[in-house]
Structures are given as structure tokens and as C-alpha cells.
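Please read the following note with the sequence and the model side by side. Its points are meant to be checked one at a time.

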Amino acid sequence: MEIENIVFIKGGAYSDVKKALRQWVDLYTSDLQDGLTFELYKNGRGNHVIKADQRLDNEDFFYLINYLNYPEDIDYKVDVEGFALGKDDYMLKDKMLLVYIPPNDEEGDNVFVTTSKNENFKDDFGGSVSMQEAGKIFRLPEIPVFENPEVIKVNKKEASRIQQQKNSNNLKKRFCIISLIVLGAYLLNLLVPVFSDDVMTFERTTWFICLGVGGWFSLDCEMLSYERYYFKCFWIAIGSLLYGYLLTNHFLPYFSETTFAASMGPLTLLVVQWPTRRAYKWVFQREPTTFDRTGHWAGLPYTLILVFSLGILPLLIVDYLK
């Protein structure tokens, strides 16, 4: 077994080490090269060895060492040492590296490196590699002959399928929960006149619920990207329109026209969103998002169009129908 990209782990159960490695691979699959392999070996009681693919770069190898020390939802005490050949940073390039985290480390987002020339560095994962006055003494590990490793492989296609299934399950659960909340809100709203003689309060609650439904549609771009959920939302929007129409006509002249316009908002939003989304995808080759936090400017026009279709277009339609 070659020295490059090899990890020695002292302590911890084999199942926990395997779980930590699996979690790290799943976490970084989108950034890793497809087909990378990680071989996990037992090295006696409480000792484990991971042989990472030689194509793994130093930065990802450092992340692996750090994660094996601080895995999520795994409680164990281990001593982790990694050995690699410097490939990236000019201070480490072409040198054998001993990568570790000292037991007194309190930062949690870094690794320490000792080169084969006993130079000591710290990589803080912020793009900075700084020299340190002291550290571990470099020594080559003894590598026994191992057989029958358990292999974990980066499979982007499978990872994408699993993630899509998770997203689909989460979306289904989210849709069911919010739909029940919307239904409950509409039903509870009918009780407002029972407890209050103020028709204005009833009008405001109706207006708030209808616009809230439209806000849900506009914010949940992922949901509207699936046809089956789009059409389910369409029926919810039809129900909102009928709800507002019946209440407005029953309580005339107490309800203003803006209430009926608010109940129309979810439907006008969906009608406008359908062609707008397709035009956006054709131009920018990606799904649109509202209030894009990545700073992508193209999300702003899409957001403004939905705001217009929810808050202004219904008022224009009602005014036209007068």
C-alpha cells in the first residue's frame, strides 16, 4: 500500500468510522470527482485505515481528516493521522505531509501539517496556510499488508437519484402540511363573524389568508416546478377565488373589491408563473428562484413579475370588470 492519501485512525468502532466516512463522501459528492474510491480496512482492535483515491486533492484530503475527527451525530474519541503528497499550496508542494488535529484544538475548522522536513503549518480552511513554531515530528508510518477492504465509491448519478428522492419526499410532506394549514385557516376564518361584529376584521383576515396562499406559491419555486403540484396548487387557487367571490357577494356592500382581488391573487400568480418560468429556463438554463440569495440578478425580474401578478394584476382585472 502506498503512503499517499492514507489515513490511520486509532480508537472508535469500525461501524462508526465507516459511518463517518460514508457521511463525508455523501456530503462532498458534488465537489468530488466521479468514481473516486475510498478503501476502509480493519487494522486490529480499535485501529482502522482508510486508503483514499490518489486523485483526491490536498484540500479535500484535509477536509476528510477534519471530518473524521469531528463527524456529525457520531460520538467517539479517535486519533486521526493522514499522510499525503503536497500538490496544491506552494509551501507544501512535492513534500510528504503528516496531517492531523492536535487534541487541544478548540477551533474545529482547521488541520495541522508537518512536512517531511519537519516544517509545521496550519491550514484554516479559509485559504490561508500559516507556519507554526511547533508540531508533531514527521515519521513514516508502518504499513502492513491489508486484504478485503470495504470500498466506498463516489457515484454522482446515484447520489443525485437519492437526493432527488429525498427532495421529493420532503416536498410531498411540506405540501401536505401547508395545504392542511391553508384549509384550516379558511375554515377558521368563517368563525370570525361568530366572535366579532366588526366586518372589517373579517375582511382583513380573508384578505390576509388569500395573499398568504399566493405568497406560499411564489416562495416555493421547487413545488411549482413539478406539474403534479402545480395543478394541485391551481385547484387550491380556484378554491380561494370561489371563497372570496362568495364572501364578497354575501357581505356586499361591507366587503371592498380589494378582498375579491386578494382571493384572485393566487390564481393570477399561477397563470403568469407558468409561461414566465419556461421563458426564464430557456434564457438562463436553470430553474428560477424568488429572492435569490446567491446574488444572481436574473432572479429579480422573475420575483417582480410574480409580485405584480399577485398584488397588482388582480386589482387591474377587478377594476376592468366593474
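The numbered points below go from the whole chain to single residues.

1. Basis of the note. This is a predicted model, in which local features need pLDDT of at least 70 and side-chain atom pairs count only at pLDDT 80 or more, while totals for chains, interfaces and linings use all residues. Residues are numbered from 1 along each chain as its sequence is written, and side-chain values use heavy atoms, with hydrogens and water left out.

2. Overall form. The protein chain contains 10 helices and 9 strands; these are DSSP runs numbered from the N terminus, with helices being H or I of at least four residues and strands E of at least two. Because its radius of gyration is 29 Å, well over the 20 Å that the globule rule gives for 322 residues, the chain is more spread out than a compact globule. The radius is taken over C-alpha atoms, and the rule is 2.2 Å times the number of residues to the power 0.38. Along the principal axes, the C-alpha trace spans about 90 × 40 × 35 Å.

3. Of the 322 residues, 43% count as buried; buried means under 20% relative accessible area, exposed over 50%, and partly exposed in between, with a 1.4 Å probe and protein chains only. A contact means heavy atoms within 4.5 Å. Among contacts between residues at least 6 apart in sequence, 62% join residues at least 24 apart.

4. Cysteines. The structure holds 0 disulfides, a disulfide being a pair of cysteine sulfur atoms within 2.5 Å. For C210, the nearest cysteine sulfur is that of C233, 15 Å away. C210 counts as buried because its relative accessibility is 0%. For C221, the nearest cysteine sulfur is again that of C233, at 12 Å. C221 also counts as buried, since its relative accessibility is 12%.

5. Residue T276. T276 lies in helix α8, which covers residues 257-284. With a relative accessible area of 16%, T276 is buried. Leaving aside residues up to four places away in sequence, T276 touches Y302 and I305.

6. Residue L211. Is L211 buried or partly exposed? L211 counts as partly exposed, because its relative accessibility is 24%. L211 belongs to helix α5, residues 199-219. Not counting residues up to four places away in sequence, L211 touches A262 and L310. The C-alpha atoms of L211 and V113 are separated by 56 Å, and these residues are 98 apart along the chain.
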